Amino acid sequence: MMKQVLFGSLSAVAMAIATAATPTIAAELTTSNAANSNVVRQTPPVTLVNLAQQGHFRNQGIPSSQALTQAIAAGQVTPESLVQAGIQSNLVNSDTLNNQGYLNVVEVQFREIVQDFVISSSDVDN
C-alpha cells in the first residue's frame, strides 16, 4: 500500500515538473515548416488587427489608423487581405487563410473599429 502511494506521489511530481518545464504561451504558438525550417509565430487575430492599426503592415498595402478604418468600411481591406499581410510578415501561418474561426474574429474586430469610428464621429457632431 505504501509503495502505491509513494509511486503515485512520484508520478504526480514528475508530471508537474514536465508540465512546468514546457510552458505553452497561447499568444505565440510556433510551428515549424520541415521543408525550409522557418518558424512562423501564430499571432492572435486581435493582435493582428492591433498591429494593422499601428501601421505594421503599411509595406503590404494595409493603411493604418483612420485610413485603415476607412479602407475597412469601403471593403478595400478584408480579413483575408490582413491575414495575407500577416503571412508575408511571418506573423501568421499560411493555413490561417483557411481558418474560418480566425477570419471571423478579425471580421468582428473590423466591425468594432468601424462602429467605434461612427460613434466617435457622431460625438463630434453633437
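User: A strand is a DSSP run (E, at least two), and strands are numbered from the N terminus; in which strand is the place of Gln 42?

Analyst: The structure shown is a predicted model, and its chain holds 5 helices and 2 strands. Read along the sequence, these elements follow the pattern α-β-β-α-α-α-α. Gln 42 has its place within residues 39-42, and that run is strand β2.

User: Is Gln 42 buried or exposed?

Analyst: A residue counts as buried when its relative accessible area is under 20%. The relative accessible area of Gln 42 is 19%, so this residue of the model is buried.

User: With the side chain of which residue does the side chain of Gln 42 make a polar contact?

Analyst: One polar atom of the Gln 42 side chain lies 3.0 Å from a backbone nitrogen, that of Asn 93. A contact between two side chains is also present, again with a distance of 3.0 Å, and there the partner of Gln 42 is Thr 96.

User: Over how wide an arc do the buried residues of α2 fall when the helix is seen down its axis?

Analyst: Helix α2 covers residues 45-53, and its buried residues are Pro 45, Leu 48, Val 49, Leu 51 and Ala 52. They line one face of the helix, because the arc within which they fall, seen down the axis of α2, is 160 degrees.

User: Which residue just after α2 takes a positive phi?

Analyst: The helix itself consists of residues 45-53. Just after it, a phi of about 95 degrees is taken by Gly 55.

User: How are α2 and α4 oriented toward each other, and which residues of α4 make the contact?

Analyst: Two packed helices are described by the angle between their axes and the distance between the axes. For α2 and helix α4 (residues 79-88), the angle is about 85 degrees and the axes are 11 Å apart, which means that α2 is roughly perpendicular to α4. On the side of α2 the contact is made by Leu 48, Val 49 and Ala 52, and on the side of α4 by Leu 82, Val 83 and Gly 86.

User: With the side chain of which residue does Ser 89 form a polar contact of 2.9 Å?

Analyst: Ser 89 lies in the loop between α4 and α5, and at 23% relative accessibility Ser 89 counts as partly exposed. Leaving aside residues up to four places away in sequence, Ser 89 touches Phe 57 and Gln 60. The side-chain polar contact of Ser 89, at 2.9 Å, is with Gln 60.

User: What separation is found between the C-alpha atoms of Ala 71 and Val 114?

Analyst: Ala 71 lies in helix α3 (residues 65-73) and, at 4% relative accessibility, counts as buried. Not counting residues up to four places away in sequence, Ala 71 touches Pro 63, Gln 76 and Val 77. Val 114 is 43 residues apart from Ala 71 along the chain, and their C-alpha atoms are separated by 9.7 Å.

Terms used. Residues numbered from 1 in each chain as written. Predicted model: local features only at pLDDT ≥ 70, side-chain atom pairs only at ≥ 80, totals over all residues. Heavy atoms only, no water. Buried < 20%, exposed > 50% of the residue type's maximum accessible area, 1.4 Å probe, protein only. Helix = DSSP H or I, 4+ residues; strand = E, 2+ residues; numbered from the N terminus. Arc of directions from axis to C-beta. Polar contact = N/O pair within 3.5 Å; in protein donor to acceptor, adjacent residues only side chain to side chain. Axes fitted to C-alpha atoms, helices over the stretch in contact; angles between N-to-C directions. Parallel < 35°, antiparallel > 145°, perpendicular 65-115°, else oblique. Contact = heavy atoms within 4.5 Å.
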